[in-house]
Amino acid sequence: MRLLTALLSCAMALFGCDTRPATTTITRVVDGGTETLFSKTTLVDGIATFECFSSASGDCHYRIYEEVCGVADAGAPCERRIVDRFELAMGERHRVQGLPRDFRHCVSVDPQARCAG
């Protein structure tokens, strides 16, 4: 039985199957039928990989942030704390480790754009 399990695991690895838990986020923006932004972010084993596939400006502009909410005053809005910001040219990839556990990110074609939501 161990031999069968080992062989099956090897076969799955050959075909690209990966059993590690991962989170993938795809960001696509289409304006008037034309794609203006296409980006992918993957989080595996605490390492986030950001990939810029296409951007109308030529670059994908990323902001990584965390939301800090005060417990004492439940009515106070949460504050966004920028953890990192960077830009990638189309076709580039960037890996980041050591991000806060509940980090969030946004990506845009414009470096001055603010994160929505």
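The side chains of Arg-80 and Glu-67 meet in a salt bridge, with 3.3 Å from N to O; the term stands for a side-chain nitrogen of Lys or Arg within 4 Å of a carboxyl oxygen of Asp or Glu. This pair links distant parts of the chain, since Arg-80 belongs to strand 5 and Glu-67 to strand 4, 13 residues apart. Strands here are DSSP runs of E with at least two residues, numbered from the N terminus. Arg-80 is partly exposed, with a relative accessible area of 30%, and Glu-67 is partly exposed at 29%. Buried means under 20% relative accessible area, exposed over 50%, and partly exposed in between, with a 1.4 Å probe and protein chains only.

The model is predicted, so local features need pLDDT of at least 70 and side-chain atom pairs count only at pLDDT 80 or more, while totals for chains, interfaces and linings use all residues. Residues are numbered from 1 along each chain as its sequence is written, and side-chain values use heavy atoms, leaving out hydrogens and water.

The count of salt bridges comes to six. Arg-81 forms one with Glu-66, the closest N and O atoms being 3.7 Å apart. Another joins Arg-93 to Glu-51, at 2.9 Å between the closest N and O atoms. Because Arg-93 lies in strand 6 (residues 93-97) and Glu-51 in strand 3, the pair ties together parts that are 42 residues apart in sequence. Arg-93 is exposed, at 57% relative accessible area, whereas Glu-51 is buried, at 10%.

Two strands pair if DSSP finds at least two bridges between them; strand 4 (residues 59-68) and strand 5 are joined by 10. Between strand 4 and strand 5 is a loop that holds Pro-77, which is exposed, with a relative accessible area of 71%.

What does the largest nonpolar core contain? It has 13 residues, and those with the most contacts inside it are Phe-50, Tyr-62, Ile-64 and Phe-86. Such a core is a set of buried Ala, Val, Leu, Ile, Met, Phe, Trp, Tyr and Cys residues joined through side-chain atoms within 4.5 Å. Strand 3 (47-55), strand 4 and strand 5 each give two or more residues to this core.

Methods: Helix = DSSP H or I, 4+ residues; strand = E, 2+ residues; numbered from the N terminus.
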